[in-house]
Amino acid sequence: MGDNPTSESLRATIPSSAGDAYGYIVIEHLLRPVRSASTWPALVHGMLDLPMGLAISVPVYVLFPLAVALLLTFPLALPFIWGLFWFARLAGQVERSRLAALHGVALPDPIGPLAPGSWWNRLGQRLTSVPRWKEIGYTVLRLPTGTAFFVVLTVLWSGSATLVLLPLYVLALPGEVARFGLFDVGFGVPVLGAAAVGLAGLLVVAPWATVVIGRLDVALARRLLAPDPGAELAAAAARAETGRAAAVESAESERRRIERDLHDGAQQRLVTLAMSLGDARERLDTDPETGRRLVAEAHEEAKAALKEIRDLVRGIHPVILEDRGLDAALSAVIARSPIPVELTVDVDPRPQPAVESTAYFVVSEALANVARHARATRAYVAIVRKGDRLIVEVRDDGIGGADPANGTGLAGLAERVTGMGGTTDLLSPVGGPTTLLVELPCGS
């Protein structure tokens, strides 16, 4: 059976449609940088590479040779060595800030504070610090790389703009010809072709060069101004292992606490209750009055055991926390506190149940410590969510001197927080006041 004209025309249009779509995709890809808002901050960063290179490289070019030349007279070299490390440190911080502001890349500072010690020990720490030498290397490379990036961007952007505007001023040039060294462009078709080349430069070549140079800038900074990826992974693994161990220890401590509370509290009361009921059963017939008294005592023991079990269950995970959140659950805790407590809770959106539970136990344990040890007249609790962090603050106006090593429950609290990947800071000078600050990750 032969094909009809309609089917032939349909098949003829399919390759054309596919070709049009492919062409549209190619054009969209080529024009992506000029349409991206991130290209223009990257252009500003690249154009500042040369002046920044002059500002941070030239002093290092002076300080480094002087420090090396004066090593034979070491005391004379010390000011130049100190100045070299100080200036490289300042330059590294400025460059990290510039990258964050213009490229949106936040590089963590790889250099920690110096350990306490004499000036000689601190100098040794600087001299043996690989990240500090990397910062110096960055300042050395900033001028040549910045010069190259600046020249490329200037030539491409200004050259493309010159070609685009050429038809407007070519007739005003001597001989009505634009001379570019290897070739000349006169009025007419040649100048329109030059303008088309310049337009392609403005829309495609120069923006793509800006993107590439921006990536090179970021790559150089990541290599020399950021922590080593291997060391960062090792540190993350160590933190994860510490958190896992802390979580296991926290769970084990919680199990021992529940076991101890059951054994010393509810279990003892239930044993006493059973004995009282057995005694009462034997006496009801022979001594009804004593039997009734024993039943009444057993009833009180049963109520006391029930209260202890409820308190224990509340300590494991209060139902109100799951149903109504931190505000309601902590309001119940504060209502039982023997001292006045001011509560502020702002956790919208609500964090995950595990984070809520940890925050609840932090506040409960902290307020229990305040009531038992602080001799405070007032306490303040604030829980606020800031992005992906939940911040818990507990303050009191007590006598201070809180120490996790004294068995006040703060060590177990810190283990629970560490197991969640959070941090704990305690400020409790003797004489007070005491501030407990906890940060917990709660997702974005």
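**From a loop to the helices**

Guide: Arg375 sits in the loop between helix 13 and strand 4 (379-386); helices (H or I, at least four residues) and strands (E, at least two) are DSSP runs, numbered from the N terminus. This is a predicted model: local features need pLDDT of at least 70, side-chain atom pairs count only at pLDDT 80 or more, and totals for chains, interfaces and linings use all residues. Residues are numbered from 1 along each chain as its sequence is written, and side-chain values use heavy atoms, with hydrogens and water left out.

Look at the backbone of Arg375. Its phi is near 55°, positive in a residue that is not glycine. Most residues other than glycine have a negative phi, and most peptide bonds are trans. Arg375 counts as exposed because its relative accessibility is 69% (exposed is over 50%, buried under 20%, partly exposed in between; 1.4 Å probe, protein chains only).

Step back to helix 13 (residues 353-374). Its axis comes within 11 Å of the axis of helix 12 (residues 326-335), and the two cross at roughly 20°; axes are lines fitted to C-alpha atoms over the stretch in contact, with angles from 0 to 180 degrees between N-to-C directions. Helix 12 is therefore roughly parallel to helix 13 (under 35 degrees; over 145 is roughly antiparallel, 65 to 115 roughly perpendicular, the rest oblique). The crossing is right-handed, with the near helix turned clockwise from the far one by less than a right angle, against anticlockwise for left-handed. Leu326, Ala329, Leu330, Val333 and Ile334 form the helix 12 side of the contact (heavy atoms within 4.5 Å). They meet Glu356, Ala359, Tyr360, Val363, Ser364 and Leu367 of helix 13.

Two other loops hold cis prolines. The Asp348 to Pro349 peptide bond is cis, with omega near 0°. Pro349 lies in the loop between strand 3 (341-346) and helix 13. The bond from Gly432 to Pro433 is also cis, with omega near -5°. That proline, Pro433, is in the loop between strand 6 (423-427) and strand 7 (434-441).

Helix 4 (residues 49-69) has 21 residues and spans 29 Å between its end C-alpha atoms, close to the expected 30 Å (1.5 Å times one less than the number of residues). It bends by about 25° at Ser57, and Pro59 follows within four residues; the bend is the angle between axes fitted to the seven residues ending there and the seven starting there. The axes of helix 4 and helix 5 (residues 74-102) come within 8 Å and cross at roughly 160°. Helix 4 is therefore roughly antiparallel to helix 5. It passes helix 5 in a left-handed crossing. Just after helix 5, Gly104 has a positive phi of about 70°.

Finish on Ile56, in helix 4. Ile56 counts as buried because its relative accessibility is 5%. Val140 is 84 residues from Ile56 in sequence, yet the C-alpha atoms are 8.3 Å apart.

The whole chain gives the setting. It has 14 helices and seven strands. Of its 444 residues, 32% count as buried.
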